Structure formats: C-alpha cells, structure tokens
Amino acid sequence: MKLSHKGMKISESDWAIFLEHADATMKALQVPVGECEQVVAFVLSLKDDIVEV
Ligand code: HEM
C-alpha cells in the first residue's frame, strides 16, 4: 500500500473526503452497520501508508 501511493502527496483533507465518499457509498448500498465498521477499521489501519502530507 505504501509503494502504490508513494509520492502522490495524498493529504489529510484528501483522506477525509475519501472516507466521506466511502461512508456515503456504504449507506447508499445499505451495507449493514457491523460490516461498515469492519471496513472502516481495515481502511483506517492503512492510513499511515497512504497519507504522506
Ligand atoms: C484504504 C484505502 C485505499 C486502498 C485500499 C487503496 C488501494 C490502492 C491500490 C491497491 C492501488 C494500486 C492499484 C494498481 O496498482 O493497479 C492504488 C492506487 C492508487 N490509489 Fe489508492 N487506495 C486507498 C486510498 C487512496 C486514497 C485516499 C487516494 C487519494 C485520495 C488514493 C489514490 C490512488 C491513486 C491515484 C492510485 C493510482 C491509480 C493508478 O495508477 O491507476 N488511494 N490504491
């Protein structure tokens, strides 16, 4: 994940927008809350490899 996003200058703001879109998509698709929480936990575990500025 670090290598895929290295040098892209993905910021905290980019990250926050990404999370908002992911949240809206899961709500639109009526993904059960428990599954949403699992997805969010997994995604958050990758943040440090993706956000670099
Ligand atoms: C946990 C969240 C994310 C995951 C699991 C993820 C996963 C990936 C993976 C696996 C690739 C490589 C694709 C390939 O080599 O074929 C990739 C590329 C990329 N990611 Fe992410 N990503 C995440 C978040 C983000 C965010 C937040 C951004 C920007 C706001 C972003 C922007 C990009 C871009 C621009 C590429 C390059 C696409 C390309 O070269 O065609 N990613 N991502």
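## Helix α1 and the iron site

Helices here are DSSP runs of H or I with at least four residues, numbered from the N terminus. In this predicted model, helix α1 covers residues 2–5 and has His 5 within it.

The iron atom of the ligand takes a single donor from the protein, namely NE2 of His 5, at 2.0 Å.

## The shell around the ligand

The ligand is surrounded by residues that include Met 1, Ser 4 and His 5, together with Met 8 and Ile 10, then Asp 14, Trp 15 and Phe 18, and finally Val 43, Leu 46 and Ile 50. By class, the residues of this shell divide into 8 nonpolar, 2 polar and 1 charged.

Helix α1 and helix α2, the latter spanning 12–28, each supply at least two residues of the shell, and α2 gives the most, with 3 residues.

## Packing of α2 and α3

Helix α2 also packs with helix α3, which consists of residues 33–45, at an angle of about 160° and with the two axes 11 Å apart. Because angles over 145 degrees count as roughly antiparallel, α2 and α3 are therefore described as roughly antiparallel to each other.

Conventions:
Residues are numbered from 1 along each chain as its sequence is written. This is a predicted model: local features need pLDDT of at least 70, side-chain atom pairs count only at pLDDT 80 or more; totals for chains, interfaces and linings use all residues. Side-chain values use heavy atoms; hydrogens and water are left out. Donors are N, O and S atoms within 2.8 Å of the metal (3.2 Å for Na, K and Ca); water is not among the atoms, so sites may look incomplete. A residue is near a molecule or strand if one of its heavy atoms lies within 4 Å of it. Ala, Val, Leu, Ile, Met, Phe, Trp, Tyr, Cys and Pro count as nonpolar, Asp, Glu, Lys and Arg as charged, and the others, Gly among them, as polar. Axes are lines fitted to C-alpha atoms, for helices over the stretch in contact, and angles run from 0 to 180 degrees between N-to-C directions. Angles under 35 degrees count as roughly parallel, over 145 as roughly antiparallel, 65 to 115 as roughly perpendicular and the rest as oblique.
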